[in-house]
Amino acid sequence: MLEPLRQGLPPLNLAAASDAASCALPARYEAVREARQFTRKTLDQWDLGDRFDDACLVVSELVTNALRHALPAGAPRLTPQEPPVRLHLLRWPERLVCAVRDPSDDSPVARDSEDFSAESGRGLFLVDSFSDGWGWHPMAGALSGKVVWALFRLPRSPEGAAPGV
């Protein structure tokens, strides 16, 4: 299921990420703003501020979907020490991945809506439009839930230069 992360790039080694950052998000809609702020701060630190607009839109949609669809009312919550949604940002020299983990085992569903005036239902369409690819995979082992991710290609840095230089 991680094959789309390759997107014509060299094989992906999760342990070889240049940078990684994550933040826990509470089960409330204000978490979307917190996710955007975290994304801004992180991308600025990684000298990727020029990717903020697209990444911010995608992060907003992924977090909103997790809050809206993966946390149904009345569902049992995780312990207070473990917030139900977590945003992960990972960077390799040629790609950036934004991933949102949630406790639902249900796969994300892209709606086929032709009603462009509708106020919802186009989140995954936007993710697909603004990223270079997206997908999801179930959590492994004792962890339940899933991770929904979006990939952004980064320009190749000059030979021998550090990323962002």
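Me: How many helices and how many strands are there in the protein?

Reply: This is a predicted model, in which local features need pLDDT of at least 70, side-chain atom pairs count only at pLDDT 80 or more, and totals for chains, interfaces and linings use all residues. Residues are numbered from 1 along each chain as its sequence is written, and side-chain values use heavy atoms, with hydrogens and water left out. Helices (H or I, at least four residues) and strands (E, at least two) are DSSP runs, numbered from the N terminus. The protein has 3 helices and 5 strands.

Me: What is the order of the strands in the open sheet?

Reply: Two strands pair if DSSP finds at least two bridges between them. The pairing here is antiparallel. The edge strands, β1 (19-25) and β4 (133-138), each pair on one side only. The order is β1-β2-β3-β5-β4.

Me: What does the twist average from one strand to the next?

Reply: The sheet is open and has 5 strands. From one strand to the next, its twist averages 15°.

Me: How many bridges join β1 to β2?

Reply: These two strands run antiparallel. Ala 21 stands opposite Leu 89 in β2. The number of bridges is 7.

Me: Which residue in β3 is the bridge partner of Leu 87?

Reply: Strand β2 (residues 85-92) and strand β3 (residues 95-102) pair in the antiparallel sense over 7 bridges. A hairpin joins them through 2 residues. His 88 stands opposite Ala 99 in β3. The bridge partner of Leu 87 is Val 100.

Me: Which strands does helix α1 touch as it packs on the sheet?

Reply: Contact means heavy atoms within 4.5 Å. Helix α1 (residues 30-45) has a direction that makes about 160° with that of β1.

Me: Is Thr 42 buried or exposed?

Reply: Buried means under 20% relative accessible area, exposed over 50%, partly exposed in between (1.4 Å probe, protein chains only). Thr 42 is found in helix α1. Leaving aside neighbours within four places in sequence, Thr 42 is in contact with Ala 21 and Leu 89. Its relative accessibility is 3%, so Thr 42 counts as buried.

Me: At what angle do the axes of α1 and α2 cross?

Reply: Axes are lines fitted to C-alpha atoms, for helices over the stretch in contact, and angles run from 0 to 180 degrees between N-to-C directions. The two axes come within 9 Å. Residues of the contact include Ala 35 and Thr 39 of α1, and Cys 56 and Val 63 of α2. The axes cross at roughly 150°.

Me: In which hand does α1 pass α2?

Reply: A crossing is left-handed if the near helix is turned anticlockwise from the far one by less than a right angle, and right-handed if clockwise. Here the crossing is right-handed.

Me: Is α2 roughly parallel or antiparallel to α3?

Reply: The axes of helix α2 (residues 52-69) and helix α3 (residues 123-130) come within 9 Å and cross at roughly 155°. Angles under 35 degrees count as roughly parallel, over 145 as roughly antiparallel, 65 to 115 as roughly perpendicular and the rest as oblique. Therefore α2 and α3 are roughly antiparallel.

Me: How do the residues of the contact of α2 with α3 divide?

Reply: α2 passes α3 in a left-handed crossing. The contact includes Leu 57 and Glu 61 of α2, and Leu 124 and Phe 130 of α3. Ala, Val, Leu, Ile, Met, Phe, Trp, Tyr, Cys and Pro count as nonpolar, Asp, Glu, Lys and Arg as charged, and the others, Gly among them, as polar. The division is 7 nonpolar, 2 polar and 2 charged.

Me: How far apart in space are Arg 68 and Tyr 29, C-alpha to C-alpha?

Reply: Arg 68 lies in helix α2. Its relative accessibility is 43%, so Arg 68 counts as partly exposed. Arg 68 and Tyr 29 are 39 residues apart in sequence. In space, their C-alpha atoms are apart by 8.7 Å.

Me: What is the relative accessible area of Ala 70?

Reply: Ala 70 has its place in the loop between α2 and β2. Not counting residues up to four places away in sequence, Ala 70 touches Asn 65, Asp 102, Pro 103, Ser 104 and Lys 146. Ala 70 is buried, with a relative accessible area of 7%.
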